[in-house]
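Welcome, and thanks for opening the viewer. Let's take a short walk through some helix packing, one selection at a time.

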Amino acid sequence: MNSLSIVVPCFNEQACLDTLHERLSSAARTTFGDDYEIVLVNDGSTDGSWPIMQQMSAADPHLVAVNLSRNHGHQLALTAGLDLARGELILVIDADLQDPPELLADMVETMHREKADVVYGVRKSRKGETAFKRATAHGFYRLLASATDVDIPLDAGDFRLISRRALDMFLAMPEQARFIRGMVAWIGFKQVPILYDRDERFAGDTKYPLSKMLRFAFDALTGFSSAPLKLASHAGLALSIGSVVIVLFILYAWLTGRSIPGWTSLMFVVVVLGAVQMFVLALMGEYIGRLYNETKRRPLYIVQEIAGAEHRTGRLGQ
Ligand code: UDP
Ligand code: MG
């Protein structure tokens, strides 16, 4: 068991690896001496990342490198690394050095001072990112915040320091679509922000093209909010209520003799059937929402501590 694990997902980052290794090692040494490990996860890179990682792990006993079978995506690569981490504290950081490893000392200090379980980096500024990326990120975090009940921090990435017990809770969440910063927020305990300036990428291009960004945003929204489903079922209900008005109008037209033969019965059937269908769809939507929640199989609640547990016998007091 080490005191610190640093987990880094890497996808085609060969140009960053050397400097990454150097800066991570020296940041870890400053605070933890020799008591740390670095877990690099190769997420199916097609460049020379893996051979470099193998060499680095042969030369440095602090470094473990994991090779995934193919590109599984940032969030899953990170999960693989977190599964393997053995530290009491776990630092999650990107490979491109946009988040400064030197912040580690401050993060550890903040964690102890605030007795927090999570210290997450919040971007004060973002250098070297396109206006489009900044604008979409800005909009995305705010949209997500308005659509979900979980307190997901604004403008925070995956750069964070996590305690062992919070990590164990995270690993107990087996859901497939993983939006990690949301899942960590969901866990609760005390989570405090730390402000920092985000640098430019050290080398290479972003590994998040628009398609991956959209997938990511979609996973976040559907995983942490049932707002889209609610929208559909509310629209369904509104439409089926609206159809009552139409039916009244049809009857009125029929009674006042303003309809041609056959129109009344035809319209009646169309509107009523439509309304029933909408209503049933809305109902099914509700059940699917529940099913979806059940299939995530998250823990029902998380206990932070129990006072007076020593007076009890049985499960909680053991
Ligand atoms: N990454 C990964 N798998 C992917 C895409 C990205 O492991 O399929 C890693 C990447 O190597 C980096 C981190 O995820 O360490 C964040 O990616 P990037 O810096 O390109 O995203 P951006 O900062 O542009 O949002
Ligand atoms: Mg980056």
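Start by selecting residues 227-255, helix α9, together with residues 263-295, helix α10. In this predicted model, the axes of the two helices come within 8 Å and cross at roughly 165°. Because angles over 145 degrees count as roughly antiparallel, α9 and α10 are described as roughly antiparallel to each other.

How far apart are the end C-alpha atoms of residues 235-254? They lie 29 Å apart, and the span is 100% helix with 0% strand. For residues 266-288, the end C-alpha atoms are 33 Å apart, and this span is likewise 100% helix and 0% strand.

Next, move to residues 14-32, helix α1, and residues 49-59, helix α2. Their axes are 9 Å apart, and the helices pack at an angle of about 20°, which makes α1 roughly parallel to α2. Here the crossing is right-handed. To see who meets whom, show the side chains of Q14, L17 and H21 in α1, then those of S49, I52, M53 and M56 in α2. By class, this contact of α1 with α2 holds 4 nonpolar and 3 polar residues, with no charged ones.

Definitions and conventions: Residues are numbered from 1 along each chain as its sequence is written. Chains are lettered from A and ligands numbered from 1 in the order in which they are written. This is a predicted model: local features need pLDDT of at least 70, side-chain atom pairs count only at pLDDT 80 or more; totals for chains, interfaces and linings use all residues. Axes are lines fitted to C-alpha atoms, for helices over the stretch in contact, and angles run from 0 to 180 degrees between N-to-C directions. Helices (H or I, at least four residues) and strands (E, at least two) are DSSP runs, numbered from the N terminus. Angles under 35 degrees count as roughly parallel, over 145 as roughly antiparallel, 65 to 115 as roughly perpendicular and the rest as oblique. A crossing is left-handed if the near helix is turned anticlockwise from the far one by less than a right angle, and right-handed if clockwise. Two residues are in contact if their C-beta atoms, placed from the backbone, lie within 7 Å. Ala, Val, Leu, Ile, Met, Phe, Trp, Tyr, Cys and Pro count as nonpolar, Asp, Glu, Lys and Arg as charged, and the others, Gly among them, as polar.
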